[in-house]
Amino acid sequence: MNAPARLGAYALGLVVIFGGALGAGNAVGATGPGPAAGAHTVHATPSASQAGDHGTHTEPAPGPAATGEPAPGGLQVSQDGYTLLPQATTVEPGEATDFRFGVIGPDGKPVTAYRTEHGKRLHLIVVSRDLGSFQHLHPELTDDGVWSVKLTLPEAGAYRAFADFVPEGGRGLTLGIDLQAPGAQEPQALPATSRTATVDGYTVTLDGDLTPGASGKLTLTVGKDGRPVTDLQPYLGAYGHLVALRAGDLAYLHVHPDGEPGDGTTPSGPQITFYAEVPSRGDYRLFLDFQHEGTVRTADFTVRAGELPAPATTSGQAPAATPSASASHGDHDH
Ligand SMILES: [Cu+2]
C-alpha cells in the first residue's frame with residue numbers, strides 16, 4: 001500500500017556498532033562513500049557503553065528485567081542531549097503533507113552533520129500505533145538542519161515516527177515522537193501471529209524464534225509462484241531490511257542482517273538471515289523490506305516471544321487457555 005515508503009529499513013544494531021567504533025579511528029570529518037566495508041560485519045554487543053563503566057564483563061545480563069540494560073530505542077523523544085522536534089504533529093489523514101522536523105543537538109541548535117548509514121543520513125519509520133501501517137522514508141536535509149519528506153498518514157488515528165540516525169560526533173540514536181491524524185477511527189486489533197506473509201504475489205515465510213532477553217536467529221525465505229526467489233537485489237547495502245517493533249509500546253528493536261551482498265558468502269535469496277534481540281516476552285511486529293525485479297516490497301509478521309497467559313478477564317479469574325483468545329489484543333480493558 002505505502003508504495004513510496006518502502007525504502008530499506010534499518011537496524012539499530014549497526015548504528016550502535018558505529019557509535020562504539022567512534023574512538024577507533026572512524027571519526028574522520030569527511031563523509032565519504034562510507035566506512036571501510038568490513039565495518040558492516042561487526043556485530044554489536046548487548047552493552048554498547050562507550051564509557052566503559054561496566055567494565056569488561058562479557059556475560060549477558062541474566063534476564064530482560066535486569067537493571068543496567070540499555071533501554072530499547074524509539075521510546076524517547078530525547079536522548080543523549082539530542083531531541084527530535086517536528087514542526088507539526090497533526091497531519092490530515094489521506095493527504096500528502098510536507099512533514100518537517102529537526103534534531104536539536106546538545107548545543108541547542110539543529111544538527112546539520114550526520115553520518116551516512118546504509119546509504120542515508122537518516123531513516124524515518126512511520127507506523128500507526130496499532131502497528132497495521134508501516135512506512136520507511138528518507139527525508140531530505142536542508143542546510144539549516146531541517147529534514148523534509150512527503151508523508152501521507154493513511155487513516156485517522158495515532159501514529160509514531162522514528163528517526164534513526166548517527167549525529168557526527170555522537171552515537172547512533174533512534175528517537176520517537178507521536179503524530180496524530182484527526183478523525184473517527186476504528187480500533188484495530190494486532191494482526192494475528194503468523195509465519196507466512198504474502199505481498200504482491202510473493203510469499204515470505206519466517207523460521208526461527210524470538211527469545212526474550214537473547215539474540216535470536218530469524219530466517220526469512222522469499223518465494224514467488226511456488227518457486228524460491230534466488231535473485232534478490234541489494235537494497236541500501238543488504239538483501240533485506242528488517243524493522244522490529246514491540247506491541248504495547250512500540251519499542252524499536254535491535255536487528256541486524258547476517259552478511260551482506262558481495263561478501264562472497266551471502267546468497268541473493270531465497271533466504272535472508274537476521275539476528276534480532278528482544279528485551280521481553282510479548283508480541284512483536286516485523287516488517288521486512290526486500291527488493292526483486294526493481295521493486296521494493298514489505299512483508300509483515302506478528303511474532304510472539306516467549307509464552308503469555310491469555311488476556312485477563314474482567315472478573316479477575318484466572319483465564320482458561322482458550323485457543324481463540326487472540327482477538328482482543330487491541331483493547332486495553334482490565
Ligand atoms: Cu532507510
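Leucine 236 counts as buried, with 18% relative accessibility; here buried means under 20% relative accessible area, exposed over 50%, and partly exposed in between (1.4 Å probe, protein chains only). The structure is a predicted model, in which local features need pLDDT of at least 70 and side-chain atom pairs count only at pLDDT 80 or more, while totals for chains, interfaces and linings use all residues. Residues are numbered from 1 along each chain as its sequence is written, and side-chain values use heavy atoms, leaving out hydrogens and water.

Let us start with the whole chain. The protein chain holds 2 helices and 18 strands; these are DSSP runs numbered from the N terminus, with helices (H or I) of at least four residues and strands (E) of at least two. Of its 334 residues, 43% are buried. Carbon and sulfur atoms hold 51% of the accessible surface, which comes to about 16200 Å² (Shrake-Rupley method, 1.4 Å probe). Contact means heavy atoms within 4.5 Å. Among contacts between residues at least 6 apart in sequence, 67% join residues at least 24 apart.

Next, the cores. A nonpolar core is a set of buried Ala, Val, Leu, Ile, Met, Phe, Trp, Tyr and Cys residues joined through side-chain atoms within 4.5 Å. The largest one has 29 residues, and those with the most contacts inside it include Val204, Leu286, Leu288 and Phe301. At least two residues of this core come from each of strands S10 (196-199), S11 (202-207), S12, S14, S16, S17 (282-292) and S18. Another core, of 26 residues, lies apart from it and has Phe99, Val103, Leu141 and Ile177 among its members. In soluble globular proteins, nonpolar side chains tend to be buried together.

Aspartate 300 belongs to strand S18 (residues 295-305) and is partly exposed, at 34% relative accessibility. Not counting residues up to four places away in sequence, aspartate 300 touches Ala197, Arg285, Leu286 and Phe287. Its side chain also makes a polar contact of 2.8 Å with the side chain of arginine 285; such a contact is a pair of N or O atoms within 3.5 Å, where within protein one must be able to donate a hydrogen and the other to accept it, and residues adjacent in sequence count only if both atoms are side-chain atoms.

Elsewhere, strands S4 (residues 122-128) and S5 pair in the antiparallel sense over 4 bridges, pairing being defined by at least two DSSP bridges between two strands. Valine 126 faces glutamine 135 in S5. Both sides of S5 (residues 134-137) are covered, with Phe134 and His136 buried on one and Gln135 and Leu137 buried on the other.

Finally, the backbone has some features to note. Most residues other than glycine have a negative phi, and most peptide bonds are trans.

| Residue | Phi | Location |
|---|---|---|
| Leucine 131 | near 65° | hairpin of S4 and S5, with 5 residues between the strands |
| Aspartate 225 | about 55° | loop between S12 (214-224) and S13 (227-228) |
| Leucine 236 | about 50° | loop between S13 and S14 (240-246) |

Aspartate 225 is exposed, at a relative accessible area of 63%, whereas leucine 236 is buried. The peptide bond from glycine 269 to proline 270 is cis, with omega near 5°, and proline 270 sits in the loop between strands S15 (254-257) and S16 (271-278).
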